[in-house]
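Work through the exercises below with the model open. Each task is followed by a stepwise solution.

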Amino acid sequence: MKTSPFKSTERLIIFTTTSYALLLVILGHIKMIYRLPGVAFGITVIAVFAILCLFYFTNERFKEYMRSFSLASLTFIHLWRILAAVLFLQYGAEQLIPSTFAYLAGYGDLIAGLLVPLVLFFKHSKLSFWLFNIVGFIDFLVAVGTGITFTFLDTGTMDTIRLLPLALIPLFGVPISGLTHIVMFDKLRLAKFNA
């Protein structure tokens, strides 16, 4: 938990994030997410990320709170991408999602996730955080772009992405990862380096 200046902000963020995750699990369990047309699902993924970014850039309190995390903490969050990579590659191997998407998203997430321990080992180096953030953000753009393209084509090959547990990656993990990349870029561009 953060110190007192952010206590109420942190409580609200934890409550909102937990509620959103729970809502996704419930909607996924009753197949409401699966019933979304591909285009609507893709728009939802983009909208959630856009709302988070908009809130970050327009709400000073939220921006201060997010910036209060160290670069090391923001990087550590990206370890989850190893699990995402395993799921993408497994689903791709079983031909449950398009192999192009599975390989691009899977190997990109694997590289980003495996970079995390290396970056944290060299956390005294601003360059290591820049490299991680650039590589991770490129993977983010490629994976989201490829996923959205296949989803908008709505050929049925991406239907599995709307089922649990896979649906949690684009609807929950992707927006949070994208936001942490934005925050890291914001922190790294500031003159003062704080790992």
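At 40% relative accessibility, E64 is partly exposed, a class lying between buried (under 20% relative accessible area) and exposed (over 50%; 1.4 Å probe, protein chains only). The model is predicted: local features need pLDDT of at least 70, side-chain atom pairs count only at pLDDT 80 or more, and totals for chains, interfaces and linings use all residues. Residues are numbered from 1 along each chain as its sequence is written, and side-chain values use heavy atoms, without hydrogens and water.

**Exercise 1.** Find the salt-bridge partner of E64 and classify its accessibility.

Step 1. Apply the criterion: a side-chain nitrogen of Lys or Arg within 4 Å of a carboxyl oxygen of Asp or Glu.
Step 2. R61 meets E64 at 3.9 Å, N to O.
Step 3. Both sit in helix α4, three residues apart, about one turn of the helix. Helices are DSSP runs (H or I, at least four residues), numbered from the N terminus.
Step 4. R61 has 35% relative accessibility, so R61 is partly exposed.

**Exercise 2.** Locate D139 and R81, and decide whether each is buried or exposed.

Step 1. Their salt bridge has closest N and O atoms 2.6 Å apart.
Step 2. D139 lies in helix α8 (residues 126-153) and R81 in helix α6 (residues 80-93), 58 residues apart.
Step 3. D139 is buried at 6%, and R81 is buried at 2%.

Terms used. Helix = DSSP H or I, 4+ residues; strand = E, 2+ residues; numbered from the N terminus.
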